[in-house]
Amino acid sequence: MKGGFHAYLVGPAGLGKHEALLAYLSNQRVETPPDLLYVPLSERKVAVLTLPSGQEVELAEAVDSLLLEVGHLDELFRQASFLREKNRLEAKFAEQLEAQLALLRQEAQAAGFALLESGERLELSGPGPVPADLSARLEEVSLGQLAARAALEVALRRLRREWASQYLNNRFEPLFQRFPQARAYLEALKNRLARYAETGENLDPAQWRPNLLTSTSSGTPPPIVYEPYATAPRLFGRLDHVVEQGVWSTNVSLIRPGAVHRAQGGYLILDAISLKREGTWEAFKRALRNGQVEPVTEPQAPASLEVEPFPIQMQVMLVGTAEAFEWLEEDPAFGELFRIRVEFSPTLAATPENMYALGGWLQAQGFRLTQGGLVRLFDEARRMAEQKNRMDARLVELRALAEEAAVLGGGLLTAEAVEKAVAAREERFFLSEEEFLRAVQEGVWSLKTQGLGVGEVNSLVIVESPPYWGRPARLTARAAPGHDHLISIDREAGLGGQIFHKAVLTLAGYLRGRYADAGPLPATISLAFEQNYVSIDGDSAGLAELVAALSALGNFPLRQDLAVTGAVDQTGKVLAVGSINAKVEGFFRVCQVLGTTGTQGVVLPKANLPNLTLRAEVLEAVRKGEFHIYAVETVEEALELLSGSRVEGYRGLHSRIRAALAEFARLEEGRNEKEGS
């Protein structure tokens, strides 16, 4: 583990973060990790064993050979030399027993009694009751026989163990030399085999075989483990049980390794969101802090096997979006454990080098493509990034588009095939937009793309649910004398978000600053997105709201054949907004449905010009002068475009607005005087 801490990779979905990480880690050259095993030290205790690389399988094969010695031990006790020793012990026992019985017979005969033997049972038969001293001798001899038999059994067991140990020593000693790290395990196995030889107690081979967790050969690169489902058993392993006739049992062979085991000496890749979804972050955090894990057991299983904690020796790589890491970064322990943050850019420079790199990557994926197909896919990548000089880095998305194009192109990725794939993709998602356009054509949605209107403007918005279509929304403003200043009807109705509210307050700041010479603003201006029934947020309607408010104040009309998008600051500077292509194309579609005039177009921030990567049909309409793009830097530029009038100078728009404010002030003053009298 490098540096004693771990790393996390942050970036939007679809960038190919996992593939890039796997490719990077595959090229890392580090020391081959050791082999790891779970080995039994008894039927109830399991330990972790570390062996030099490549020895794990060798030990397992050696143990399998040793477990076959059960049959050889049985043969050992049928050999003539062992049987002679066994017969000697049994003859000695029989001789001792017979001597005791002979003495008891003599004593019984002297008292007029006979000693009767019925198997191992002894009885005295004679006239009258057995004398007390003779009865005591009978009991003494009977107990002596039992003790002698027990001594014989101990002697025979000792004999079997001695012979088995002598035999096993010859088998185990080379292994002690060959696997010194495994000596405790091999000693336990040797003792268990000797116990089998001594007592004949049944030996289950599954209980004594090593459980191979990782196995490598010298020079093998470190393991790279990707675990997409970070459940506790899949991370930490589990201890299974078998139930036979209601009895639970387990052994070392039923320990199932988890991702932590398989990644030892290498890298473990996890999805950050999976740790949250599966609820395993706290347990995983403790494991990393303690440097060890234990297998998960079933809650209802009885405690039966003591498993030594497994030492963690790996580097963890968490992968996810910025949102997926927000909750993790709130935990101080996360920063202590994961010190390396790697951010993936959602875009790349749109250079010829990167275009050809994209082509080479696709060819490596098995695609056949033409130069035209690559260029068209590259153009789509720039459009997806919404920047002329950048391309989308979401290789997963580009590959998906290329796959569809290859199918449509009969296996060849051409410009025409890519165009068909793009059109097919949009057509699949077009139902909601198609219904909207039908409603516009039928007049259900009240939109105007021709003529003039006071305090009315087409604001461009984005539908906040996938697919994210751009649409015009009719924005209206009304002004009257008062002191309520700027009122957002959507905000008052609870349909405006915090950023939307900030934008409205920014407009009020502009009005106060621009017309400060007219004194306190003696007006109430109401703003509303007509036919809006859902929550709205963002500041991209700021420019449209401001020009509508100024139009309502100055009572001058605005062009309805132009749609407006852009944020503004308190000084009147027009600021860039997002999703500019979708907004322009959305208004273009509405103009097509309601009828084109050749004068229609969009007013947008000049700062958004680098983001324009419009569809071919929109670009063609712009080239022919049938649709127009107007880039502005200030509110005044937008006002002149929309009103067709000068902002400054004699009878300029600002003069008309000041005159209206003065009239509002006079009317408000008269109203106050009337109320005071």
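Are glutamate 433 and arginine 471 buried or exposed? In this predicted model, both residues are buried. They are joined by a salt bridge whose closest N and O atoms are 2.9 Å apart. The pair links distant parts of the chain, with glutamate 433 in helix α17 (residues 431-441) and arginine 471 in strand β25 (residues 470-481), 38 residues apart.

A search of the whole structure finds 36 salt bridges. One of them connects aspartate 240 to arginine 256, with 3.0 Å between the closest N and O atoms. Arginine 256, with a relative accessible area of 32%, is partly exposed.

Another salt bridge lies within a helix. Arginine 382 pairs with aspartate 379, and their closest N and O atoms are 3.0 Å apart. Both residues lie in helix α14 (residues 371-385), three residues apart, which is about one turn of the helix. Arginine 382 counts as partly exposed at 21% relative accessibility, and aspartate 379 is also partly exposed, with a relative accessible area of 29%.

Salt bridges also join into a network here, which links Arg376, Glu380, Glu419, Glu426 and Arg615.

Methods. Residues are numbered from 1 along each chain as its sequence is written. This is a predicted model: local features need pLDDT of at least 70, side-chain atom pairs count only at pLDDT 80 or more; totals for chains, interfaces and linings use all residues. Side-chain values use heavy atoms; hydrogens and water are left out. A salt bridge is a side-chain nitrogen of Lys or Arg within 4 Å of a carboxyl oxygen of Asp or Glu. Buried means under 20% relative accessible area, exposed over 50%, partly exposed in between (1.4 Å probe, protein chains only). Helices (H or I, at least four residues) and strands (E, at least two) are DSSP runs, numbered from the N terminus.
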